[in-house]
Amino acid sequence: MGDASSDNHIPRDIPESRAAMPRTYRVHDLAETHVLLTGSTERAELAVLHRILTAHPDTYVSVVPPPDESAAPSGPPAGDDALALLLSRKAFGPWWDGAGAGPAMAEARRRVNVVTGRPGDVPLPAGTDIVVHCAPTGGPDRPLDAVYDEQFIPFVALCGKWARQRLRPHLVYVSRAGFSGTERGVIREARLEHDLDWRRELALARALRSDAEHFSRTPDRLRRTRRAAERAHRGAGPLIVAREAEAARRAWVERRLVEQGRARARALGHSDAEALAAVLAERVAEELWRPCPLTVLRTAPVGHALHHPYPGWAEGRTRAVPPAAAIALSGTAADSATTVYDTVPADLVADAVLTAAGARPAPDSPHYFHLGTATTRPLSLGELRSVLGFPLPAPSRRPSRQEAGLPGVYDRAEVRYDDTELAALRNALPHPRTRHFDPGTIDWRRHLAAREAADVAQRLGTPVSRAVLTAVPRPLVANEPAVAVFDLDGTVLASDLVESYVWTRLAGLPRRVWPAEFADLVLDAPRYLFAERVDRARFVRVFLRRYAGTHEAVLRRLVRGAVGDALLCRVRHEAVRRIRAHRAAGHRTVLVTGGLDLLAEPLRPLFDDIEACHMRTLDGVMTGRVTTRPPVGEARADWLRRYTAGHGLDPARAYAYADSYSDRALLDAVGHPHAVDPDARLLRHAVRRRWPVLHWGAYTATRWDALAVAAGGAGGRKTRTALHRFPDTEEETA
């Protein structure tokens, strides 16, 4: 259904390879043939496998599973496990239910062989007649060399393996070239004419990465990256700052390569790096598969299924853009009668692939086909918008379709993808026809309704999980050899290092001295803030010097009295419940704090061990100097490794609870981290890492109540009771 204006763009000097393309095809039956399917990740690959199993009972197939299954930590599944995992896809559900689990598995064992590894590394199945290779679909905005590595390297290795064999199988290459709208005129079903060398382009991409890596390591760039990391991760520790600086450097390299790849692709007339790689990948197939038979099938983006395995089926990777996104990102073209939304149902692609596989070309005379819908059954964006009932988007806030680079969205007044050869192949099918890949039979309104119904059913059938901010912690495993580490300030206690110091001064000093003491504390506040900004451990050491001259025995007496009462006023109920739950499960519980060990003594009954600062004393008087490195920041991660090693525990089974970004190193080191009422930076990190975020806001008494309890111990008044009962708990803490 091309326009007359488009025919004026047809080149007159058609190459000989186009003129030699056969117009009459002979399609052979696929009975007793062996097909190698080099992947099962793409939607087209799953559709092909489904059609072989359900419509070709005498065809055998070898399948390469997805890379994530082959690279599982426990090793790739084998035998029936690998087959069952493959057949657990939604595509095979109707066939499995119709045939029955037992007969379906027996039939799959007879005809399907699962081979593990990457396409270029798998052992070549004996007797392979046909190889079906679908160009992989990558994500958006990837570096040029990463795109080439995915498109070229496994396929080059595969071709190299076959070159050393006596077999000459027929390769059906499902290409992603075309259907992006960057071309003009009528695009014939023939070899793409360009003078690009894929080896040179691959070397150029490698050189771009080398240059970007070198530039990212120049002193000026490293200083900028380091300063940015220090601002963003101050307080987490120098090792984390260095790690984040390196991650930022690598991210900068990736962004630079993405920009350079996009610029290179557009300079060569393509929308993005993926489109350029698709064109070069065809040249790889044409060059390296020679002299074996080759068929190149260029398809529009693969969409939802029309009929098989069921209307609206969608599974596997695809570059198809959702209709709503196509309308939203097309600006004023969303109401155009010539701008089309070109997607091909997956089952039509599968039938076209198997039909092309049966039409074996002569060596050195590849077949080329186009499979799209815009020529015989176009769906304009205007029609799509009216079917879906979408309002026309505001053009001033939407990028143009050229800027968006939407695959399958183009103006058919400017480009038309000829499908004459595909029509000739379709007409060569024997009657009655069991394969159907005529886009002219699509009823778009009905197909879009089935697609929407399938998507709704998918959403309704998927359990709705809680948001990560309200995630319930993992249930505790009883009698598991594990340790649970709890931070004190801000986690178990709703207080901090400064507040606990104020309690000791209120309880231990006469009232007349209070103004001078607290005025001195306020005057020293800038010094403490500066130390906190530099390093958390430095702040702890500097602040604890305020205890210099305090008698250890006096401080112990205060902790057993008013200071201990004030501390218990600030204990969080949920913290106590969680600690006791760990103890009931047989876990070791440890309290970690950067404060003095004496101040944590009231909580001793809840914990097996307490890791805190211990201060040097001289004749029973504190010197203000701690004996070891304060257990804060990255020191907590080091302590955890030593502690777990000394007690024969596994850090991967450890639990940790903390509230501050300075505790990130500890949380990163355990297998079950929990952010408790986190600060803003820790909250962002927890959400990014999918950690549970807990809210333990309730405590026994307010800050003012705790100050009043501490102050009551200095004036001779009768203090509040030293025994605090925590709600909904069975124990009492003195």
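Colleague: How do the residues of the lining of the largest cavity divide into nonpolar, polar and charged?

Modeller: First, what the classes are: Ala, Val, Leu, Ile, Met, Phe, Trp, Tyr, Cys and Pro count as nonpolar, Asp, Glu, Lys and Arg as charged, and the others, Gly among them, as polar. Here the lining of the largest cavity has seven nonpolar, four polar and five charged residues.

Colleague: And what should I know about the model itself?

Modeller: It's a predicted model, where local features need pLDDT of at least 70 and side-chain atom pairs count only at pLDDT 80 or more, while totals for chains, interfaces and linings use all residues. Residues are numbered from 1 along each chain as its sequence is written, and side-chain values use heavy atoms, with hydrogens and water left out.

Colleague: What is a cavity, and what is a pocket?

Modeller: A lining residue has an atom within 4 Å of a point. Grid points are joined across faces, edges and corners, and the volume is the space filled by probe spheres set on the points. That rule gives six cavities of 30 Å³ or more in this model. The largest cavity holds about 150 Å³ of space, and of its 16 lining residues, Glu42, Ala135, Thr137, Arg176 and Val302 are the closest to the centre.

Colleague: Which elements give two or more residues to the lining of the largest cavity?

Modeller: Elements are DSSP runs numbered from the N terminus: helices are H or I with at least four residues, strands are E with at least two. For the largest cavity, they are helix 3 (43-55) and strand 5 (170-175). The whole protein has 30 helices and 23 strands.

Colleague: What volume does the second largest cavity have?

Modeller: About 70 Å³. Its lining includes Asp489, Asp496, Leu567 and Thr593. Helix 20 and strand 15 each give two or more residues to that lining, and strand 15 gives the most, with three. By class, the second largest cavity is lined by seven nonpolar, three polar and two charged residues.

Colleague: Now an open one. Which residues are the closest to the centre of the second largest pocket?

Modeller: That pocket has a volume of about 490 Å³. Of its 32 lining residues, the closest to the centre are Asp496, Glu532, Arg536, Ser660 and Ser662. Helix 20, helix 22 (525-534), helix 23 (536-544) and strand 15 (588-596) each supply at least two lining residues. The lining of this pocket comes to eight nonpolar, nine polar and 15 charged residues.

Colleague: Helix 20 keeps turning up. At what angle do helix 20 and helix 25 pack?

Modeller: Two packed helices are described by the angle between their axes and the distance between the axes. Axes are lines fitted to C-alpha atoms, for helices over the stretch in contact, and angles run from 0 to 180 degrees between N-to-C directions. Helix 20 (residues 497-508) and helix 25 (residues 562-569) pack at about 145°, with axes 9 Å apart. With contact meaning heavy atoms within 4.5 Å, Trp503, Thr504 and Ala507 of helix 20 meet Ala562, Val563, Ala566 and Leu567 of helix 25. Six of these contact residues are nonpolar, one is polar and none is charged.

Notes:
1 Å grid on protein atoms, 1.4 Å probe; cavity = no way out; pocket = protein on both sides within 12 Å on 5 of 7 lines; lining within 4 Å.
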